[in-house]
Amino acid sequence: MTECAAVHLVDSDSDEALLTSTQSALSTGLEVRLVDPETGKGMFATKNFESNDLLLREPPVVVTQCFDCSVRACRTCLKVLCEEAQDAVQCSGGCGHVYCSEACREAAALSYHISMCSVKDGHPLAEFEDFVRNVGNEYYLLAAMALSMAFTDLASLRGRNDLDAFLSERTMDLFGDFAQAPWWDTMSSQGWDSGIASQELSHVAEHASAFRSSIQEQTNESLEKLLRCYSIWPQGVQASRRLQELYARLVGLMRMNCASIKLPLPAGLEGAGGWLSGIGFFATQCRLNHSCRPCAALTASDHDTTALATVRALRRIEAGEQISIAYVDAALSPRSRRAELQEQYLFGCRCPACQEQAEASERTEESGQRKVMERGRRGEEERADKTRSAPLTQNCTVMSRQSAPLL
């Protein structure tokens, strides 16, 4: 088994700060480069890998446990904390966040938390988190962490009055290389008209428009609550149109690029199926493109105690080959896979497996059409034969009747 591969980025200096964990690995073997203008970037092997080799093991840039998971866990790495544990490290700002170690608390503070927890009275951070929990959207929290990362660059922030421009520039430095659309545009319209399919098309469009408006209002409200957390900007932070769009795109980025996380619970703790569930944004793992016939897979281990994206080879991978994983269950039928990919990720799959299955389906359809045409031709020939023989049979019958009295 090889060491975990380090990742080399081609023409992407802005991501270096997000990838230090993988670049510190002992060996090389992966690079991120352009696949094609339509697909964007992907990850490629620069050496051969054997089946089950470890390709990547990466901590998240931002992470949160799912809101329906009540297990107490570290805010940085999701390590489960027992309720009676005395060694849990509290946020020094008094916001209630807990960590498994001083190192995790320091990492969160330096990355984003020092900005979100900058108000010492009233703790608007708790109000913001209560709001996003009530609406059930973890992506708001992850986007808030991402936006707060821009605020931590205080040296660049001081002396500037154009806060909106600064935040946009800094956020693009950090996340500009990842797909980001306003998050209401990352949802398939198929979900908007569920339950009203029998109504008129105009009513469906009206429902979709109303849904979009309500989501925009909710997103803007969550941003306003988040901005109350930032006291490091003396003039206060207003939810301008530019900032609203930036935040909405960060939410969309998280929805389209985050990975699910499952960590086993220690013995004696109750949870959903014995697992702690969460979601996180992994700057390297999210470079992996989809294939219905993948050469690698995200794996979970019963021995993992912290949130890590672990990717292993499913078969031998040749140098130069693109590393792919399956975004959906590859065992599903081609129709189901395409429907789920369109619904969740808004693209139609054109991987080799789908192309081969599509070609096979076309051949089957063409063969079926030929059989139908052949049956139709034979039927016409049979009807023509019957038509030609019918007069002769009738004449014979008439002649028989005419000759009957002669007997």
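The structure is a predicted model. The protein contains 10 helices and 13 strands, and 41% of its 407 residues count as buried. Among the contacts with a separation of 6 or more, 67% are made by residues 24 or more positions apart.

- Three strands form an open sheet in the order 5-9-8, and their pairing is antiparallel. The edges are taken by strand 5 (62-65) and strand 8 (259-264), and because each has a single partner strand, one side of each is left without a neighbour in the sheet.
- From one strand to the next, the twist averages 30°.
- Strands of a sheet pair through backbone hydrogen bonds, and this pairing can be either parallel or antiparallel.
- Strand 8 and strand 9 (residues 275-281) run antiparallel and are joined by six bridges, while strand 5 and strand 9 pair in the antiparallel sense over four bridges.
- Individual partners can be found along strand 9: Leu 263 has Leu 276 as its bridge partner, whereas Ile 279 stands opposite Thr 64 and also opposite Ser 260.
- Helix 4 (residues 138-151) packs on the sheet, where it touches strand 5 and strand 9, and the direction of helix 4 makes about 150° with that of strand 5.
- Strand 9 is mostly covered, since five of its seven residues are buried.

**The nonpolar cores**

- The largest nonpolar core has 58 residues, and those with the most contacts inside it are Met 116, Phe 128, Phe 175, Leu 226, Tyr 247, Met 254 and Phe 281.
- Two or more residues of this core come from each of helix 2 (102-116), helix 3 (124-135), helix 4, helix 6 (163-175), helix 7 (201-227), helix 8 (241-257) and strand 9. Helix 4 gives the most, with 11 residues.
- Phe 128, leaving aside neighbours within four places in sequence, is in contact with Met 116, Tyr 140, Leu 141, Ala 144, Ser 222, Lys 225, Leu 226 and Tyr 247.

- Helix 8 has 17 residues and reaches 24 Å from its first C-alpha to its last, which is close to the 24 Å expected at 1.5 Å a residue.
- The buried residues of helix 8 include Leu 243, Leu 246, Tyr 247, Leu 250, Val 251 and Met 254, and Arg 255 and Asn 257 are also among them.
- Helix 6 has 13 residues, which should span 18 Å at 1.5 Å a residue, and this agrees with its end C-alpha atoms, which are 18 Å apart.
- In helix 6 the buried residues are Leu 163, Ala 165, Phe 166, Leu 167, Ser 168, Thr 171, Leu 174 and Phe 175.
- An α-helix has 3.6 residues a turn, so residues three or four places apart point the same way.

- Ser 222 lies in helix 7 and counts as buried because its relative accessible area is 0%, which falls under the 20% cut-off. Not counting residues up to four places away in sequence, Ser 222 touches Phe 128, Phe 131, Val 132, Tyr 140 and Tyr 247.
- Ser 324 has its place in strand 13 (residues 324-325) and is likewise buried, with a relative accessible area of 10%. Residues up to four places away in sequence again being left out, Ser 324 touches Asn 289, His 290, Ser 291, Arg 293, Pro 294, Cys 295 and Ala 296.
- Arg 57 is found in strand 4 (residues 54-58) and, at 33% relative accessibility, counts as partly exposed. Although Arg 57 and Val 311 are 254 residues apart in sequence, their C-alpha atoms are 6.5 Å apart in space. The side chains of Arg 57 and Thr 310 are joined by a polar contact of 2.7 Å.

Terms used: Residues are numbered from 1 along each chain as its sequence is written. This is a predicted model: local features need pLDDT of at least 70, side-chain atom pairs count only at pLDDT 80 or more; totals for chains, interfaces and linings use all residues. Side-chain values use heavy atoms; hydrogens and water are left out. Two strands pair if DSSP finds at least two bridges between them. Axes are lines fitted to C-alpha atoms, for helices over the stretch in contact, and angles run from 0 to 180 degrees between N-to-C directions. Contact means heavy atoms within 4.5 Å. A nonpolar core is a set of buried Ala, Val, Leu, Ile, Met, Phe, Trp, Tyr and Cys residues joined through side-chain atoms within 4.5 Å. Buried means under 20% relative accessible area, exposed over 50%, partly exposed in between (1.4 Å probe, protein chains only). A polar contact is a pair of N or O atoms within 3.5 Å; within protein, one must be able to donate a hydrogen and the other to accept it, and residues adjacent in sequence count only if both atoms are side-chain atoms. The expected span of a helix is 1.5 Å times one less than its number of residues.
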